[in-house]
Amino acid sequence: MIKILPIALIGLFMSCGSGERVIMEEGAVYKVKNDNFYSKGKDITELLSENEKKDIKAVLNKRLEAERLAEDKKEKLEKEQEKVEKTIEKAKEKQEALEESQKQLEEKQEAIEDARHDFLKAKEKLESKKEKYNKLKEKGKLSPSDEEKWQGRFEDLEAKIKDYNTIYKNLK
């Protein structure tokens, strides 16, 4: 089938009303239209020998075959280029997805660090307040209402610590 195609194309070109220009090695230019040969606009079919006609047709067929091969190569290269472009596009999409994923990971890491920082800060504050409370209690400077206020502060700080700890654990 593939071998028949060039022959069919050559036959089609030669049978069509349009002519094909053929330049011979010696520089003579012929136009081949159907089975007629022209030179400088004049029909010279009868003036050429069968060998000359065969030579002209052979040069024409060789050129048409070369053009067909060039066109096939061009199509193949275009398909390859298309594949390369699709591959590049897919790679760009993957790169964008990876960058987005990286960004999300960085944001999550930052949120984890913030939660950890808040947790530690609240814990330090609770310890500091307990130290202050214990010093005041040892010196006897706390009234019963002061005791209630301090217990309320401790409960608030412990609730914050618990909340920060929950946030921290949920982010991990």
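How many bridges join E3 to strand E4 (residues 42-43)? In this predicted model, in which local features need pLDDT of at least 70, side-chain atom pairs count only at pLDDT 80 or more, and totals for chains, interfaces and linings use all residues, the number is two, and the strands run antiparallel. Residues are numbered from 1 along each chain as its sequence is written, and side-chain values use heavy atoms, with hydrogens and water left out.

Helices (H or I, at least four residues) and strands (E, at least two residues) are DSSP runs, numbered from the N terminus; two strands are taken to pair if DSSP finds at least two bridges between them. Strand E2 (residues 29-33) pairs with E3 in the antiparallel sense, over three bridges. Lysine 33 has asparagine 36 of E3 as its bridge partner. The hairpin of E2 and E3 has two residues between the strands, and asparagine 34 there takes a positive phi near 55 degrees. On the E4 side, tyrosine 38 is bridged to aspartate 43. E3 and E4 likewise form a hairpin with two residues between them, where lysine 40 in the turn has a positive phi of about 55 degrees.

Side chains alternate along E3 (residues 36-39). Burial here refers to relative accessible area: buried is under 20%, exposed is over 50%, and partly exposed lies in between (1.4 Å probe, protein chains only).

Phe37 also belongs to the largest nonpolar core, which has 10 residues in all: Val22, Met24, Tyr30, Val32, Phe37, Ile44, Leu48, Ile56, Leu60 and Leu64. E2 and helix H2 (50-139) each supply at least two residues of this core. The largest share, three residues, comes from H2. Apart from this core lies another, of nine residues, among them Phe119, Leu126, Phe154 and Leu157. A nonpolar core is defined as a set of buried Ala, Val, Leu, Ile, Met, Phe, Trp, Tyr and Cys residues joined through side-chain atoms within 4.5 Å.

Contacts (heavy atoms within 4.5 Å) were listed without counting residues up to four places away in sequence. On this basis tyrosine 30 touches Glu20, Arg21, Val22, Met24, Tyr38, Ser39, Ile44, Leu48 and Ile56. Lysine 53, found in helix H2, is in contact with Phe37, Thr45 and Leu48 when its neighbours within four places in sequence are left aside. At 15% relative accessibility, lysine 53 counts as buried.

Aspartate 35 lies in the loop between E2 and E3 and is exposed, with a relative accessible area of 53%. Lysine 53 and aspartate 35 are 18 residues apart in sequence and 9.1 Å apart in space, C-alpha to C-alpha. Leaving out residues up to four places away in sequence, aspartate 35 touches Thr45 and Lys57. Its side chain makes a polar contact with the side chain of lysine 57 (3.3 Å). A polar contact is a pair of N or O atoms within 3.5 Å; within protein, one must be able to donate a hydrogen and the other to accept it, and residues adjacent in sequence count only if both atoms are side-chain atoms. In helix H2, arginine 68 is buried, with a relative accessible area of 18%. The side chains of arginine 68 and aspartate 72 make a polar contact (2.7 Å).

A search of the whole structure finds three aromatic pairs. Rings of Phe, Tyr and Trp (its six-membered ring) pair if their centres lie within 6.5 Å; planes under 30 degrees apart count as stacked, over 60 as edge-to-face and the rest as tilted. The rings of tyrosine 133 and phenylalanine 154 have centres 5.3 Å apart and planes at 85 degrees, so this pair is edge-to-face. The pair links distant parts of the chain, with tyrosine 133 in helix H2 and phenylalanine 154 in helix H3 (residues 144-171), 21 residues apart. Both tyrosine 133 and phenylalanine 154 are buried. For tryptophan 150 and phenylalanine 154, the ring centres are 5.9 Å apart and the planes at 45 degrees, so the pair is tilted. These two residues are four apart in helix H3 and are therefore separated by about one helical turn. Tryptophan 150 is also buried. Tyr133, Trp150 and Phe154 form one aromatic cluster.

Arginine 153 lies over the face of tryptophan 150, at 4.6 Å from the ring centre; a charge sits over a ring if NZ of Lys or CZ of Arg is within 6 Å of the ring centre and within 35 degrees of the ring normal. Arginine 153 and aspartate 35 are 118 residues apart in sequence and 110 Å apart in space, C-alpha to C-alpha.
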